[in-house]
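Here is a short report on one protein model. Look at the sequence and the fold first, then read on.

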Amino acid sequence: MTDVQLGTMLTVEIVADRMGISERTVFRWIKTGRLKAFRMGRVLRIPEAELIDFIDERTGF
C-alpha cells in the first residue's frame, strides 16, 4: 500500500482570500472542474498543492 500525503488543505474562504476573488468564483471553478477539491463531510477542502498547480497553469510558469 502506498502512503498518500495530502499536505495542507485549504477552505474555499482561504483560497478566495489568497486569490483576491469571491468565494462564489472558487465554487464555480470547483464545479466546472478547473480547481480540484475534496468533500470532507459537508465541507470542501482544496489541497494547497492543487491551488499552486492551478495558479502555475494560468500564469505560464
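This is a predicted model: local features need pLDDT of at least 70, side-chain atom pairs count only at pLDDT 80 or more; totals for chains, interfaces and linings use all residues.

Residues are numbered from 1 along each chain as its sequence is written, and side-chain values use heavy atoms, with hydrogens and water left out.

**The fold**

The protein has three helices and three strands. Both kinds of element are DSSP runs, numbered from the N terminus: helices are H or I with at least four residues, strands are E with at least two. Along the sequence the pattern is β-α-α-β-β-α. Buried residues account for 23% of the 61 residues. Buried means under 20% relative accessible area, exposed means over 50%, and partly exposed lies in between (1.4 Å probe, protein chains only). Contact means heavy atoms within 4.5 Å. Take the contacts between residues at least 6 apart in sequence: 46% of them join residues at least 24 apart.

**The core**

The largest nonpolar core has 12 residues, among them Leu10, Val12, Val26, Trp29, Ile46 and Phe54. Such a core is a set of buried Ala, Val, Leu, Ile, Met, Phe, Trp, Tyr and Cys residues joined through side-chain atoms within 4.5 Å. H1, H2, strand S3 (43-47) and H3 each give at least two residues to this core. Valine 12 touches Glu23, Val26, Phe27, Ile30, Leu44 and Ile46, with residues up to four places away in sequence not counted.

**The aromatic pair**

There is one aromatic pair in the structure. Rings of Phe, Tyr and Trp (its six-membered ring) pair if their centres lie within 6.5 Å; planes under 30 degrees apart count as stacked, over 60 as edge-to-face and the rest as tilted. The ring centres of tryptophan 29 and phenylalanine 54 are 4.7 Å apart and the planes stand at 45 degrees, so this pair is tilted. Tryptophan 29 sits in helix H2 (residues 23-31) and phenylalanine 54 in helix H3, so the pair ties together parts 25 residues apart in sequence. Both tryptophan 29 and phenylalanine 54 are buried.

**H1 against H3**

Helix H1 (residues 12-19) packs with helix H3 (residues 48-59) at an angle of about 35 degrees, and their axes are 12 Å apart. Axes are lines fitted to C-alpha atoms, for helices over the stretch in contact, and angles run from 0 to 180 degrees between N-to-C directions. H1 brings Val15, Arg18 and Met19 to the contact, while H3 brings Glu48, Leu51, Phe54 and Ile55. These residues divide into five nonpolar, no polar and two charged. Ala, Val, Leu, Ile, Met, Phe, Trp, Tyr, Cys and Pro count as nonpolar; Asp, Glu, Lys and Arg count as charged; the others, Gly among them, are polar.

Valine 26 lies in helix H2. Its C-alpha is 10.0 Å from that of isoleucine 46, and valine 26 and isoleucine 46 are 20 residues apart in sequence. Phenylalanine 54 and lysine 36 are 18 residues apart in sequence and 8.8 Å apart in space, C-alpha to C-alpha. Methionine 40 belongs to strand S2 (residues 38-40).
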